[in-house]
Amino acid sequence: MRLLSWNIQSGGGARIPRIVEEISAYDPDVIAVTEFRAGLGVALYAAMKEIGLPDVETTNPTGNRDGIAVFSRTPMRRKPSPVPDCWLHIDLPEHGFGVGVLRIMAAGSSAKAPATIAKTRFWDSVLQAAEHRLREPIMLVGDWNTGAHRLDEVGKTFICSEHFAELSAMGWTDLWRHHNPGVTEYTWHSKFKGGARRNGFRVDHAFATPSLLSRISACRYSHGERDAGVSDHSMVIVEVE
């Protein structure tokens with residue numbers, strides 16, 4: 001089966017037809033969407049159903065708040081998550097594993113900034129749950145706004161990079177790094193005021209537990225959609241046997 005994970009940027013807006021077109025081209029079994037918005041989601045629901053992804057679960061964001069949605073060809077079961085607004089956890093009974101979709105917030109400008117404190121607490125919850133469920137077949141995906149210093153970015157700016165490293169240390173596998181050793185790719189770029197690209201960052205991830213790892217045959221990024229302006233993030237594509 002094929003699973004996609006993609007930040008569609010601010011709910012998609014007028015880009016929704018292109019977003020659906022790009023998703024459909026990969027013929028996925030499951031698509032995890034971050035920066036999903038409820039109002040724009042009505043059109044997205046209908047389009048996903050038309051391309052054969054009728055089952056849906058969301059974090060039910062209100063107004064213009066960003067949330068998470070998962071669309072699937074087969075029935076899903078929703079499970080409780082530590083932070084319901086930023087973490088959507090579902091089981092895929094017909095595929096025999098679970099998926100946790102994380103939308104980790106950006107940090108603030110200092111260690112004491114409320115956003116930085118919130119991000120650190122969220123990561124603490126992620127690590128606690130990840131350790132508790134390490135022996136289950138689970139994948140964690142999404143836009144994490146986090147990575148490894150000087151590996152997933154040129155410099156050393158990521159907040160909670162030590163938490164990101166701890167996930168691997170406890171036994172989870174960074175699927176893209178596992179299948180693409182020694183490669184550098186970025187999934188999002190900061191921009192100058194004029195819109196030109198500035199710095200690159202790998203912030204979109206897919207991790208798996210040991211019991212699921214043997215079933216993962218490939219993990220790659222698709223940058224064409226980002227380069228074409230369909231979203232400001234690259235797409236994560238995971239193949240599961």
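Student: What makes tryptophan 176 and tyrosine 221 buried or exposed in this predicted model?

Tutor: Buried means under 20% relative accessible area. Tryptophan 176 is buried, and tyrosine 221 is too.

Student: Why is phenylalanine 158 called buried?

Tutor: Its relative accessibility is 9%. The cut-off is under 20%, so phenylalanine 158 counts as buried.

Student: And what makes phenylalanine 201 buried?

Tutor: Phenylalanine 201 has 14% relative accessibility. That also falls under 20%, so the label is buried.

Student: Why is the pair of tryptophan 176 and tyrosine 221 called tilted?

Tutor: Take the centres, then the planes. The centres lie 5.2 Å apart, and the limit for a pair is within 6.5 Å. The planes make 35°. Under 30 degrees would be stacked and over 60 edge-to-face, so this pair is tilted.

Student: What does this pair tie together?

Tutor: Tryptophan 176 sits in helix H5 (residues 175–179) and tyrosine 221 in strand S13 (residues 216–222), so the pair links parts 45 residues apart in sequence.

Student: How many aromatic pairs are there by this rule?

Tutor: The count is 10 aromatic pairs. One of them joins phenylalanine 158 and phenylalanine 201, at 5.8 Å centre to centre with 70° between the planes. An angle over 60 counts as edge-to-face, so this pair is edge-to-face.

Student: Where do phenylalanine 158 and phenylalanine 201 lie?

Tutor: Phenylalanine 158 is in the loop between strand S8 (138–143) and helix H4 (161–169), and phenylalanine 201 is in strand S11 (residues 197–201), so the pair ties together parts 43 residues apart in sequence.

Student: Which residues form one aromatic cluster?

Tutor: Trp123, Trp144, Phe164 and Phe207 do.

Student: Which residues have the most contacts inside the largest nonpolar core?

Tutor: Met139 and Val238, in a core of 26 residues. Valine 238 touches residues including Met1, Leu3, Met139, Ile216 and Cys219.

Student: How do you know that the span of helix H2 is close to the expected one?

Tutor: Helix H2 (residues 38–50) has 13 residues and reaches 18 Å from first C-alpha to last. At 1.5 Å a residue, 18 Å is expected. Still, H2 bends by about 25° at leucine 44.

Student: Which residues of H2 are buried, and what do they pack against?

Tutor: Gly41, Leu44, Ala47 and Met48 are buried. The buried residues of H2 pack against helix H1 (16–25), strand S2 (30–36) and strand S4 (67–72).

Student: What follows H2?

Tutor: Glycine 52, with a positive phi near 95°.

Definitions and conventions
Residues are numbered from 1 along each chain as its sequence is written. This is a predicted model: local features need pLDDT of at least 70, side-chain atom pairs count only at pLDDT 80 or more; totals for chains, interfaces and linings use all residues. Side-chain values use heavy atoms; hydrogens and water are left out. Helices (H or I, at least four residues) and strands (E, at least two) are DSSP runs, numbered from the N terminus. The expected span of a helix is 1.5 Å times one less than its number of residues. The bend at a residue is the angle between axes fitted to the seven residues ending there and the seven starting there. Buried means under 20% relative accessible area, exposed over 50%, partly exposed in between (1.4 Å probe, protein chains only). Contact means heavy atoms within 4.5 Å. Rings of Phe, Tyr and Trp (its six-membered ring) pair if their centres lie within 6.5 Å; planes under 30 degrees apart count as stacked, over 60 as edge-to-face and the rest as tilted. A nonpolar core is a set of buried Ala, Val, Leu, Ile, Met, Phe, Trp, Tyr and Cys residues joined through side-chain atoms within 4.5 Å. Lists of a residue's contacts leave out its neighbours within four places in sequence.
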